[in-house]
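Hello,

Here is the structure I promised to pass on to you. Have a look at it first, and then read on for my notes on what turned up in it.

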Amino acid sequence: MASIKLDDRDIKILATLSREGRISKSDLAKRVNLSPTPCWERLSRLEKAGVISGYHADIELKHVGPQVSVFVMIELENHRSATFQAFEQAIAGYDEIMSCWALGGGFDYLLHVITRDIDSYQRLIDDLLARRAGLARYFTYIVTKPVKHSTVPPFDILTAAGPETI
């Protein structure tokens, strides 16, 4: 993926799409004050460069069925490259693991798991332990209620020129 320079129009396209992923291309062009062809060319360039990695719908899981959301802090047995690779390969096979972040600091990874219930979550952890994927300790945090969730990045903050002066 090539690194590209983003201008104000690109940021406006990204901000609009992050809020309204189903917007038509012609409406997007109007919203960002471009004619359709240049807007589509920018959109294509952003997609090809990997700036836009996909489109999706936000699903309210409470309407789908029973579920539990769990955050898991992971410590590995050691910090050898092979252990990190084995763990990352092992978790790639679990659809219930929605996200995984490698961390700096006290813990090695943070997982976000969504599954049917606590029993199915525990079976996942037991399976990971049985696979000997390098997992030494884990700390489970059950989500009791969502408070804030956003898929819209803070573009104004990310694209600010520098520290604000008072």
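Let me start with R132, which counts as exposed at 74% relative accessibility (exposed means over 50% relative accessible area, buried under 20%, and partly exposed in between, with a 1.4 Å probe and protein chains only). R132 sits in the loop between α5 and β4 (helices are DSSP runs of H or I with at least four residues, strands are runs of E with at least two, and both are numbered from the N terminus). Although R132 is not a glycine, its phi is positive, about 55°.

Before going further, please keep in mind that this is a predicted model, in which local features need pLDDT of at least 70 and side-chain atom pairs count only at pLDDT 80 or more, while totals for chains, interfaces and linings use all residues. Residues are numbered from 1 along each chain as its sequence is written, and side-chain values use heavy atoms, with hydrogens and water left out.

Helix α5 covers residues 118-130, 13 residues in all, and reaches 18 Å from its first C-alpha to its last, close to the 18 Å expected at 1.5 Å a residue (the expected span is 1.5 Å times one less than the number of residues). Which residues of α5 are buried? They are S120, Y121, L124, I125 and L128. These residues cover an arc of only 145° around the axis, which puts them on the same side of α5 (the arc is that of the directions from the helix axis to the C-beta atoms). On the other side of α5, D119, R123 and A130 are exposed.

The cover over the buried residues of α5 includes β1 (68-76), α4 (81-91), β2 (97-102), β3 (109-115) and β4 (135-142).

At the N-terminal end, α5 is capped by D117, with a side-chain oxygen 3.3 Å from the backbone nitrogen of D119. S120, at 12% relative accessibility, counts as buried, and a polar atom of its side chain lies 3.5 Å from the backbone nitrogen of R116. Both are polar contacts, a term for a pair of N or O atoms within 3.5 Å; within protein, one must be able to donate a hydrogen and the other to accept it, and residues adjacent in sequence count only if both atoms are side-chain atoms.

**Aromatic rings**

How many aromatic pairs does the structure hold? There are 3 (rings of Phe, Tyr and Trp, the last by its six-membered ring, pair if their centres lie within 6.5 Å; planes under 30 degrees apart count as stacked, over 60 as edge-to-face and the rest as tilted). F87 and Y109 form a tilted pair, 4.7 Å centre to centre with 35° between the planes. This pair links distant parts of the chain, as F87 is in helix α4 and Y109 in strand β3, 22 residues apart. F87 is buried, with a relative accessible area of 0%, and Y109 is buried too, with 1%.

The rings of F107 and F139 have centres 5.3 Å apart and planes at 70°, so this pair is edge-to-face. F107 lies in the loop between β2 and β3 and F139 in strand β4, so the pair ties together parts that are 32 residues apart in sequence. F107 is partly exposed at 25% relative accessibility, and F139 is partly exposed at 26%. Ring pairs also link F84, F87 and Y109 into a cluster.

**The hairpin**

β2 and β3 pair in the antiparallel sense over 5 bridges (two strands pair if DSSP finds at least two bridges between them). W101 stands opposite L110 in β3. The two strands form a hairpin with 6 residues between them, and G105 in the turn has a positive phi of about 115°.

- E77, in the loop between β1 and α4, is exposed, with a relative accessible area of 54%. E77 touches G134, L135 and A136, not counting residues up to four places away in sequence (contact means heavy atoms within 4.5 Å).
- R42, in helix α3 (residues 36-48), counts as buried at 18% relative accessibility. Leaving aside neighbours within four places in sequence, R42 is in contact with D7, R9, D10, I13 and L34.
- N33, in the loop between α2 (25-31) and α3, has a positive phi near 60° and is not a glycine. At 59% relative accessibility, N33 counts as exposed.

Best wishes
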